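Work through the exercises below with the sequence and the model at hand. Each task is followed by a solution in steps.

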Amino acid sequence: MDHLDKLYQAYNAAPEIFHAGRYWKAYEAKIVDEVRNADYSELRSGKYPIFSTFGFNDLVYHYHPTMPAYVKLARQVVRNLFIDNRASLPYSLRLEDIREMAYQYTKAQGELAQAPGIETVETSLYGNPQDVFSFKGKSYTTKFLTMYVRHCFVQKYAHLTGNETIVELGSGAGQQVEVLKKLYPNLTILCFDLPAQLFLCEKYLTNALGNDQVTSSEFNLQVTDLAQLEKGKVHMLGNWQFPLLKQFTFDVFWNAASFGEMEPGIVANYLSYIKGNCRWIYLMQARKGKESTAETGVVKPIVFDDYQTMIGPDYQLIKEDDAFDANRRVSQTGGYFQALWRLK
Ligand SMILES: C[S@@+](CC[C@H](N)C(=O)[O-])C[C@H]1O[C@@H](n2cnc3c(N)ncnc32)[C@H](O)[C@@H]1O
């Protein structure tokens, strides 16, 4: 049995509450199929639109996996003819200007947070990112800058020294982990996710950070005590292994654009294993909940106040704000919040 099969075997044997909710079930079969056949050196090139649903979206132009082919083609033609790098946007903007503004905004956020500067780190080029550009000899993508900006929100209040332990659920492509480990090399990070996403995240991080920095989810299937995990490394774990956190204390729980795509009962179950065990809880989610229709999306959207209620009275909300990418407000339609709670 190969690595991915082993992860699925363990996942399928786990209680139903650890299985994907309706929102993610809709993508599951297609993701697994693509993961099995993909050329990993093209993860970030736009060749696999389905992977952009969980973070491999270092793209300039985004094509949603469910977008009809003729819409993709029409968009591509318009973009090639009128946008690319011509000053055809308002204020004579070119792609280069947008990138430079994103970089300058990111740099300023780092200074405000008193974090190690963005100029000290750069993105891995693994997966052939479509949106790659350089400043002062270092490579960036807007996605990488965004992950840096997200960390600044946390760093402003949590003042990480670099020796902390962070638990991320729903790491997706793993680029938040990449940024954090490059800025603070001694961090210990535990990444939990659904099997196919975890498998691909592991592929990305072993290349972006180096094999010696990451312990494999295949090996970690045997783990029974998280305290035995090696400090200073990134550890890949299946989401169904979350109950192991019940006996584990750590510094920051991190969940971005992920809880909102689950059902309230699934989120409450995850939170039950970490509440009281970590000093900080960072969430970045759709403020009014994710899309929901009779057949698609989440069954019951979770809004900001629901998170506050689920986190409960033992945590104090330290800061809540609208969430921004490096280059724009996150989701111009619904709006996302970023918030940080501290254990009282
Ligand atoms: C939109 S992606 C966000 C990825 C990353 N955090 C980011 O901000 O780019 C949502 C993530 O949540 C994970 N996820 C969705 N449902 C889940 C569940 N029931 N249990 C664990 N992870 C889940 C997905 O696999 C995916 O990695």
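**Exercise 1. The core**

Which residues of the largest nonpolar core touch the most other members?

Solution. The model is a predicted one, in which local features need pLDDT of at least 70, side-chain atom pairs count only at pLDDT 80 or more, and totals for chains, interfaces and linings use all residues. Residues are numbered from 1 along each chain as its sequence is written.

Step 1. A residue is buried if 20 or more other C-beta atoms lie within 10 Å of its own, exposed if 12 or fewer, and partly exposed in between, with C-beta atoms placed from the backbone. A nonpolar core is a set of buried Ala, Val, Leu, Ile, Met, Phe, Trp, Tyr and Cys residues joined through C-beta atoms within 7 Å.

Step 2. Read off the residues. The largest such core has 84 residues, and Leu145, Val167, Cys191, Val252 and Tyr282 touch the most other members. Helix α7 (residues 195–209) gives the largest share of this core, nine residues.

Step 3. Take Leu145 as the example. Leaving out residues up to four places away in sequence, Leu145 touches Ala102, Tyr103, Thr106, Ile118, Tyr140 and Ala326. Contact here requires C-beta atoms, placed from the backbone, within 7 Å.

**Exercise 2. The whole chain**

Describe the fold by its overall numbers.

Solution. Step 1. Count the elements: the chain has nine helices and 10 strands. These are DSSP runs numbered from the N terminus, helices being H or I of at least four residues and strands E of at least two.

Step 1. Compare the size with the rule. The radius of gyration is 19 Å, close to the 20 Å that the globule rule gives for 344 residues, so the chain is as compact as a globular protein of that length. The radius is taken over C-alpha atoms, and the rule is 2.2 Å times the number of residues to the power 0.38.

Step 2. Buried residues make up 40% of the 344 residues. Of the contacts between residues at least 6 apart in sequence, 68% join residues at least 24 apart.

**Exercise 3. Helix α6**

Is helix α6 enclosed or open, and what covers its buried residues?

Solution. Step 1. Eight of the nine residues of α6 (residues 175–183) are buried, so this helix is largely enclosed by the rest of the structure. The buried ones are Gln175, Gln176, Val177, Glu178, Val179, Leu180, Lys181 and Leu183.

Step 1. Their cover includes α5 (142–158), β3 (165–169), β4 (188–193), α7, β6 (234–238) and β7 (250–256).

**Exercise 4. Loop residues**

Solution. Step 1. Phe56 lies in the loop between α2 (22–37) and α3 (69–83). Beyond four places in sequence, Phe56 is in contact with Leu43, Arg44, Phe51, Gly127 and Ala173.

Step 2. Check the backbone. Gln114 has a positive phi of about 50° although it is not a glycine, and Lys136 also has a positive phi of about 50° without being a glycine.

Conventions: Two residues are in contact if their C-beta atoms, placed from the backbone, lie within 7 Å.
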